[in-house]
Amino acid sequence: MAGRSMVKKKKYAQAIANWPLEERPREKLILKGPESLSDAELLAIFLRVGVKGKNAIVLAQELLSRFGSLRGLYAAPVDELRAVLGIGDAKIAQFKAVIEMSKRYLAEGFHNRPYVESTDDIMKLLSQEMRDLDQEVFKVILLNGQNHILNIMEVAKGSLTAARVYPREVIKIALRYSAAALVFVHNHPSGMAKPSEDDKRITRDLVLACLLIGMKVHDHIIIGDNDKFSFADAGLIDQYTKELDARKRS
């Protein structure tokens, strides 16, 4: 068994052109479909060629090992990619362009939908873009009365305390687009989606400010690392709404 493993390892260290036709990544994709390829094989198709002593598959495997996963590779800064042997600026530019195209493809498909239906829809739209950011970014999704997306605006960057999300500025943006409802989204670079006291405070202030002018807040979603927290699902949006009703009655 050990001898057979050594032979296989030696064979796949050879130039891909010397592999059996059905095992070459590009030919395998055409014959069996892209879903049949491993991450390394898909990446090897993008790389096209390896470097001296390493074919594209070996180089792809080393990249995935170095950055941990495709996701880690996608989020890698240009300087770190540039430090990898065989990855020049032209290839880096192509790689970053492919990532950006995939993001825009997902966003375009979502925007063409008639309306926002669920928290999962918001996650599909923004999680890939926001979960790997190294600082907090606060966005507002502006919706019309039928929950069509009017626009998505970034209103603050940095921690919520440092960035200071002002309700009056959010209201100004909402009025500019004649929004009927809003969804707030921000990320936690720590990876933990649990809301902080600052998260709760600013959400409460935003909900109350919007309700005072007849504008509904559907949700505030915190994006973590493969995790999320929905203020609406947790019952907090309803709680803050009841607080305003209680104020009006007192």
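This is a predicted model: local features need pLDDT of at least 70, side-chain atom pairs count only at pLDDT 80 or more; totals for chains, interfaces and linings use all residues.

Analyst: Residues are numbered from 1 along each chain as its sequence is written, and side-chain values use heavy atoms, leaving out hydrogens and water.

User: Why is Ser178 called exposed?

Analyst: Exposed means over 50% relative accessible area, with buried under 20% and partly exposed in between (1.4 Å probe, protein chains only). Ser178 has 59%, so it counts as exposed.

User: Where does Ser178 lie?

Analyst: Look in the loop between α10 (167–176) and β3 (181–187). Helices (H or I, at least four residues) and strands (E, at least two) are DSSP runs, numbered from the N terminus.

User: What makes the phi of Asn147 worth a mention?

Analyst: Its phi is near 65 degrees, a positive value in a residue other than glycine. Most residues other than glycine have a negative phi. Asn147 sits in the loop between β1 (137–143) and β2 (149–157). Ser178 isn't a glycine either, and its phi is positive too, about 55 degrees.

User: Which helix gives the most to the lining of the largest pocket?

Analyst: That's α7, with four residues. α5 (70–75), α7 (89–111) and α8 (119–130) each supply at least two.

User: How do you know how many lining residues are charged?

Analyst: Asp, Glu, Lys and Arg count as charged; Ala, Val, Leu, Ile, Met, Phe, Trp, Tyr, Cys and Pro as nonpolar; the others, Gly among them, as polar. Sorted that way, the lining has seven charged, four nonpolar and one polar.
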